[in-house]
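Work through these exercises with the sequence and the model side by side. Try each task before you read its solution.

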Amino acid sequence: QSQDGITIVNEHGQVIEWNAGMERISGYSRAQMLGRPIWEVQLMMTPRNLQSPELLEKIKTSTRQAQQQINTTYINRINESTIERPDGELRITQMLIFPFQANRASLFAAIVRDVTELRKGEEELRRSQANLSEAERLAHLGHFMIEIPSGRISWSEETYRILDWPAGEAVPELKAVIQFIYPDDRQKMLEMVNLVLQDKTHFDL
């Protein structure tokens, strides 16, 4: 059973399919949605502070234009938006709308995916990275990463500052980076890096 929401709209703009995924994502049951005009459904799922009669007319016009292929801005592409469930919970969704033919009828389908947790994770990662950058700046410490197996090197912002390297410029290859290390430690560093690249072993210096 698909975790994605699937809804189908007929040529009159009425919802004729609302699967279990749509029920889970939206909080509205199949029985509540079948037969409703899709513009009413979209308004119901719009955050309440944004709902208005003007918005309903705008959605209705956009739907009619899409059916007549006058305006295909939202067709065959992934659109991201925030919906509000009946219990007031806000969820972030991605939706792909596309037309298709069935029994000589022109229909529209939408596949909807809840990406709320993904976006929250991305935001938490951005916050963690910002906190790490600030901690490195205060302590005047930097870090770098080597991607395996490509060997591509990336630096933290503070590493750029410590090494007086122009921000945003490409990081040198490993052989050049080694030159920044104290001469007595270079051989040890090369040995450690080679060990990681060959055996994927964690190490601390």
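## Exercises on salt bridges and a pocket

A search of the whole structure finds 14 salt bridges. A salt bridge here is a side-chain nitrogen of Lys or Arg within 4 Å of a carboxyl oxygen of Asp or Glu. This is a predicted model: local features need pLDDT of at least 70, side-chain atom pairs count only at pLDDT 80 or more, and totals for chains, interfaces and linings use all residues. Residues are numbered from 1 along each chain as its sequence is written, and side-chain values use heavy atoms, with hydrogens and water left out.

**Exercise 1.** Find which parts of the chain the salt bridge of glutamate 17 and arginine 30 ties together.

*Solution.* Step 1: check the contact. The two side chains, glutamate 17 and arginine 30, meet at 2.9 Å, N to O. Step 2: place the residues. Glutamate 17 is in strand β2 (residues 15–18) and arginine 30 is in helix α2 (residues 30–33), so the bridge ties together parts 13 residues apart in sequence. Helices (H or I, at least four residues) and strands (E, at least two) are DSSP runs, numbered from the N terminus.

**Exercise 2.** Arginine 48 and glutamate 84 form a salt bridge. Is glutamate 84 buried or exposed?

*Solution.* Step 1: the distance is 2.3 Å, N to O. Step 2: arginine 48 lies in the loop between α3 and α4 and glutamate 84 in strand β3, so the pair ties together parts 36 residues apart in sequence. Step 3: apply the cut-offs. Buried means under 20% relative accessible area, exposed over 50%, and partly exposed in between (1.4 Å probe, protein chains only). Glutamate 84 has 11%, so it is buried. Arginine 48 has 43%, so it is partly exposed.

**Exercise 3.** Describe the lining of the largest pocket.

*Solution.* On a 1 Å grid over the protein atoms alone, a pocket is an open set of points where a 1.4 Å probe fits, with protein on both sides within 12 Å along at least five of seven lines; lining residues have an atom within 4 Å of a point. Step 2: count. The lining has 34 residues, and Gln42, Ile59, Tyr74, Met95 and Ile97 lie nearest the centre. Step 3: find the main supplier. α4 gives the most, with 7 residues. Step 4: sort by type. There are 20 nonpolar, 12 polar and 2 charged residues. Ala, Val, Leu, Ile, Met, Phe, Trp, Tyr, Cys and Pro count as nonpolar, Asp, Glu, Lys and Arg as charged, and the others, Gly among them, as polar.
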